[in-house]
Amino acid sequence: MHTRTLLKSATALAGLALPLAAFGPALAQDQVDLRMTIWSANEAHLAMFNEIADGFTELHPGVTVTFDSLPFDSYTTTLTTQIAGGNAPDLAWILETTAADFVNSGALAPLSETFAATEGYELDDVTEQATALWRADGELYAYPFSTSPFALFVNNDLISEAGAQTPAELIEAGEWNWDNAIAIAASVADTGANGLIVRDFNYQIWQNLASIWRGWGADPWSEDGATCTFADAEMVDAMSFIHSAIFETGAMPGPGENVDFFTGDAAMTITQISRASLLPQGDDAFDWDLVPLPSGPAGSYSVIGQAGIGAFGMGDNVDMAVQFLAYLSNPENSAKLAQFFPPARQSLLNAETLGATNPLLSPQQLETVVVAGITNGVVLPGHAGFAEIQQVVRAELDALWQADADVQAVLTSVCDRITPML
């Protein structure tokens, strides 16, 4: 098998060709130990994955699968460091933002032939829209196991205590928009609690703000990825709106403030439905809701995060890793995964199927948030060499997270820095 540049990013040690021997000695044929990196350490997620792995072991005695949980914030950096250091996993979750790097790197094993030949797999059930990011020249290199829309979890107790209308009431009145959403958040903040949190943003993972700025029709770069649009009017207006919510109304926590919606400390959080497992139960429970993203000046919209699983095409267990991925993503196990990770299979995209594994969510929530979001959503922004671009943008945006920031000037500086990289 040929070797190629692994990933076109700083963290991937661009230009380094990896020899096959770097991936470790061969294992005994009667024992295969597969390792898969993931970014979740959630006990419910791990229990589900281990259950699926146990089922695969029953079919393939002597084959084990272990799941290596890596911190989300440094996930891609850690993964590519492992690969470059000769400690590549057999399989890995891959973020949508780095899909182009992995798919085009030559590091992943092709999947289409094995999937199509697997009895009962029903590859045609996997939508073309869901697999678009994970294909090159018609070949599938990763399976999109999670296509999850961003939405708002809501703490109705805090909102009612602040004397504000709940999002559900605003939706019923046809007034669920960003102006009203931030007004709710500001009202709750005035009581001493917290308003709106963009989960996992933490003033570092700026691409998660797409869940807001897409309401203005904003994007960081043009559709072909060649032109920076950070400084365009739509993004300036959206970022000005966010800046005001942080520093003027206090509707969003400021830099350095660590607030967790799921402990009952905030009115709303933008995140994905896989976080539903974090909702408190019993005495700690509060009256919660799940609603779509508010409409913005550009109208209604949906944003989805997507994650793929790929098998690395170098090493001694490639065939078995691909077989495990086919098993993990077959119709039966896709239905199990749908409990936390909305599926790419058309047959599973309905409230009845999703409700069987998501008992916390109502049929209306599943239809209006999950199914509609997946059907209409646009994936979070990504780009070839995204890891390096992400770091540069994050550094430039530090100047934005100050009370007296000049939004236009900061965003212009972002474009000045990243235009050569595009």
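## Pockets and helix packing in a predicted model

The lining of the largest pocket is made up of 17 nonpolar, 23 polar and 6 charged residues. The structure described here is a predicted model, and the values below are computed from its atoms.

The largest pocket has a volume of about 890 Å³, and 46 residues line it, with Trp-39, Phe-72, Leu-95, Asp-200 and Arg-275 lying nearest its centre. Six elements are listed as giving two or more residues to this lining, namely helix H2 (75-84), strand S3 (91-95), strand S6 (143-155), strand S8 (266-272), strand S10 (303-311) and helix H15 (386-397). The largest share comes from H15, which supplies 5 residues. Because domain 1 (32-148 + 305-379) and domain 2 (149-300) both give residues to the lining, the largest pocket lies between them.

The second largest pocket has a volume of about 730 Å³ and is lined by 37 residues, of which Ala-132, Leu-133, Val-378, Val-379 and Leu-380 lie nearest its centre. Two or more residues of this lining come from each of helix H3 (99-103), helix H5 (128-131), strand S4 (135-136), S10, helix H14 (363-376) and strand S11 (378-379). H3 gives the most, with 3 residues. The lining of the second largest pocket divides into 18 nonpolar, 13 polar and 6 charged residues, and at least three residues are drawn from each of domain 1 (32-148 + 305-379) and domain 2 (149-300).

Two packed helices are described by the angle between their axes and the distance between the axes.

| Helix pair | Angle between axes | Distance between axes |
|---|---|---|
| H10 (233-247) and H16 (407-418) | about 125 degrees | 10 Å |
| H1 (43-59) and H11 (318-328) | roughly 120 degrees | within 10 Å |
| H15 and H16 | roughly 150 degrees | within 9 Å |

For helices H1 and H11, whose axes cross at roughly 120 degrees, the angle makes H1 oblique to H11, and H1 passes H11 in a right-handed crossing. Helices H10 and H16, which pack at an angle of about 125 degrees, are therefore also oblique to each other, and their crossing is right-handed.

Helix H16 takes part in a further pairing, with H15, where the axes cross at roughly 150 degrees. Because angles over 145 degrees count as roughly antiparallel, H15 is roughly antiparallel to H16. The crossing of H15 and H16 is right-handed.

Methods
Residues numbered from 1 in each chain as written. Predicted model: local features only at pLDDT ≥ 70, side-chain atom pairs only at ≥ 80, totals over all residues. Heavy atoms only, no water. 1 Å grid on protein atoms, 1.4 Å probe; cavity = no way out; pocket = protein on both sides within 12 Å on 5 of 7 lines; lining within 4 Å. Points joined across faces, edges and corners; volume = space filled by probe spheres on them. Helix = DSSP H or I, 4+ residues; strand = E, 2+ residues; numbered from the N terminus. Nonpolar A, V, L, I, M, F, W, Y, C, P; charged D, E, K, R; others polar. Domains from an automatic or database assignment. Axes fitted to C-alpha atoms, helices over the stretch in contact; angles between N-to-C directions. Parallel < 35°, antiparallel > 145°, perpendicular 65-115°, else oblique. Left-handed = near helix turned anticlockwise from the far one by under 90°.
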